[in-house]
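Reader: I've got the coordinates open and I'd like to learn how to read them. Can you walk me through it?

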Amino acid sequence: MKKALVLATLAALLPCAPAHAETIAIVHAKAYTLTAAEPIEDATIVMREGRIESVVAHAPAPADARVVDATGRIVTPGLFNSATGVGLVEVSSTDDTVDQAVKASPLGAAFDVQYALNGNGEPVRQARAEGVARAIALPTGSGGAPFLGQGALIHLLPGMSILERPGAVMVVGIGGSASSGVGGSRSAAWQILRNALDESRAFKRPADGREATPRDQLLNHLDAEALQPVLSRQVPLLIQAERESDIRQAIRLMEDENVRVILCGGAEAWRAADALAAHHIPVILDPFADMPDSFDQLGARLDNAALLQRAGVLIAFALTDTFSSVYKTYNAGGVLREAAGLSVANGLPWIEALKALTLNPASIWGAAGHFGALAAGEDADVVIWEGDPLDVSGWPAAVFLAGQPVSLRTRQTALLDRYRSAASTPAPRP
Amino acid sequence: MIAVLGWLVIGAAAPATRVPRPYPSDPFPSTYRPAPSTDVLIRGAVVLDGLGHRFDDEDLLLQNGKVVALGKRLVAPAGAQVIDAQGRWVTPGIIDVHSHDGDFALPLTSDNTDTNESTDWNTANVWAEHSVQPMDPAFSRALASGVTALQVLPGSVNLFGGRGVVLKPISAVTMQAMKFPGAPYSLKMACGENPKFFYGGKGRFPATRMGNVAGYREAWLAARRYKADWDKYERYGGEPPKRDLKLDTLAGVLDGDIRVHMHCYKADEMAVVLDVAREMGYRVTAFHHATDAYKIPVLLRQSGTCVAVWADWWGFKVEAEDGIPENAALLDAAGVCVMMHSDSPAIGQHLNLEAGKAAAAGRRAGLDIPPERAIRWVTSNPAEALGLADRIGTLEPGKNADVVIWSANPLSVYSHADQVFIDGALLYDRSKPAAGPSSDFELGRAASELPQ
């Protein structure tokens, strides 16, 4: 057994080069595996070659493992944020650093953010240091409303290779504020969406290079091709909608078109909780959203998450509210945890809130069994927490991605290091 | 207030026909009346007094709308309501020094966007209170989150945005009924990107940061002349100066009656503004947002300027790129007056958590900031910046009985404001859901009623 590492020094460690990937054993962990209701106390978590090898109570560390002593701290899977600008945005007010949306563009449903991803972006590094292992990099506008484009599943590994699954989701924006893109009525949004699915269904990629079907009237070939995986149910439609009427339209669309639907936003989803549960439609929601920000959100309430979970709806968290917009790209981990804590304060069981940050999004994004739990064979994306991860007083003490420690250094810590002596100039404390 | 009294002394000796200096007066006086209250003894709480102390198993007595005593085993006066607060926490009411509630009323339709009079770089003549819609649901959310006073400011598009006002987040039909009696007015000013981007983008002045500073100085020069004209008129008589609403507000600042609250992110710009203030003879009470403030603690401490910050906002604009979560903790440790602010109705419900996050960031960086110290960022420090430290912000005897009983440590995400008192009146009680929403806007909406 290699020398046990004191946790406090871990944050300062540089990540190991993959060629020298070490086997690491976290010992004395309070491990929330999420495969069981209760945590495993004094767990030993062995991570080898990028995956979790075992999570066992009171087990000795393997002889070849570097040992990290969690000294009883809470250990969870890495966090998953289901709706972010991370990887696509550097400074949101500065257009040339933002790749989330196109306006005058031939690309509607075909707009795909995967080619813009920037692993060197500061929001990526910050989110990683906050314990975010995976996220959906979300498009916010295309040339063909109501489609906003295709989002990518990203894995926040150090370096440039953060793209894990391109075209992971087809995003659609519906509602009062989104209606201008379709001419002014949300009814047109549903009509255009249904028509697009019909046209795509009629569209066949011309194997022999001939012109495509004459049915192609509103939709161009790129868009029709982009919708094929939606029709074949490989890719879900992420429908951003808040109002109950739109939520029920989304349910009808799912029934009529036989496509997979995920609801995002869903301020009034609690009003349709039973129907959403019956149709197995997951909801990605923002626990901060408790106000009528718009006329679409008159029914917003703090216990939306608790009511949905109680009704049997699979929920995950993201920072989608109007007033959370800064957090979509910045503090995508820290404030996401705060949001989860807020849902606990308003009736959601703590363990369910943790699941909504980890296991549930893995299920929603079709990766249950690959990540989102601490179990043998899963990706070794693991966070050791100082304090309670769902309270604002907690923070990540150590983050492991693919079984290796990642640096918690960011531009913010560099600024702190540079200026903390200036600030600590002695002064009388009033 | 000194300037007002000073004028009254001189005015009393002046001929009766003399027109009074117009700008210290308030033509829109508060009609606020405290709600009925009984005497209240809160027993056995963990009390954070707002002065930096923590008392465990402490009692707090509220009588006639005021804090009367803080101590152990206080005797309940006859007829007093006794509240068992064992295991719960008590703080002064939360004060939000930067809100747009009422001016940016929910829902956010274009009809309700009354925050920025974005028609001129200097709109010192507009008053935020004249946009306030008391039906904004944000007020009731703030109250239910422990907020007992908030400063509503104009937006940051103009160099001089206009006057701010201090309100109580109570259910009311008129702005005047919410207005904090006798609170000093403020002037909202702005640095940086917003003014130059908005006006520069239209090919107008100012288009640069140097244009911003030229605009400040030009306006202050005019205000100094205006004030001198009034001073001269008061001494020597003659024709009264021609009244100017913009210059009224700026002259009120020069007289020390109106407090400058300035939107400013960057350390370099804050330093320039402090020089402008010295040159023109006024004080900057507080820089708001101030994501860079941790770079200039000595300058801020020496000028006695407070900063109002978010716990963790950064990056969303170039001037906010250097924001760090340790900002508040570093400044507090350096002896600078720090406040957490909201700028949004969402954070306006979680100012206690903003303090909690900022304190945790400090702890992570090795700065020990216990709850009794961090709570000052949302109680006594903003009271000071608003010029209301003699009335609110702490639990000292004689202060207004603006008090929150929290279900747990207010710096924890799991805590709730259980009971909120303003001037001794219990205005929010989590255990007794109101019969309906306090906002007229939310009344009778099918979407928020339980489905049949």
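Predicted model: local features only at pLDDT ≥ 70, side-chain atom pairs only at ≥ 80, totals over all residues.

Reader: Why is helix 2 of chain A said to be largely enclosed by the rest of the structure?

Author: First the general idea: an α-helix has 3.6 residues a turn, so residues three or four places apart point the same way. Here, eight of the eight residues of this helix (122-129) are buried, so the rest of the structure largely encloses it. After the helix comes Gly131(A), with a positive phi near 95 degrees.

Reader: How do I read the domains of chain A?

Author: Start with the bounds: domain 1 is assigned 7-77 + 376-408, and domain 2 is assigned 79-364. Their C-alpha centres lie 30 Å apart. In the contact between them, 18 residues of domain 1 meet 20 residues of domain 2. On the domain 1 side, strand 5 (74-77) and strand 15 (395-401) each supply at least two residues, and strand 15 gives the most, with three. That side divides into 15 nonpolar, one polar and two charged residues.

Reader: And how many residues are in contact between chain B and chain A?

Author: Interface size is often given as the accessible area lost when the parts come together. Counting residues instead, 46 of chain B are in contact with 49 of chain A. Elements giving two or more residues to the chain B side include helix 2 (137-143) and helix 9 (351-364) of chain B. Helix 9 of chain B provides the largest share, five residues. The chain B side comprises 27 nonpolar, seven polar and 12 charged residues.

Terms used:
Residues numbered from 1 in each chain as written. Chains lettered and ligands numbered in written order. Contact = placed C-beta atoms within 7 Å. Helix = DSSP H or I, 4+ residues; strand = E, 2+ residues; numbered from the N terminus. Nonpolar A, V, L, I, M, F, W, Y, C, P; charged D, E, K, R; others polar. Buried ≥ 20, exposed ≤ 12 C-beta atoms within 10 Å, placed from the backbone. Domains from an automatic or database assignment.
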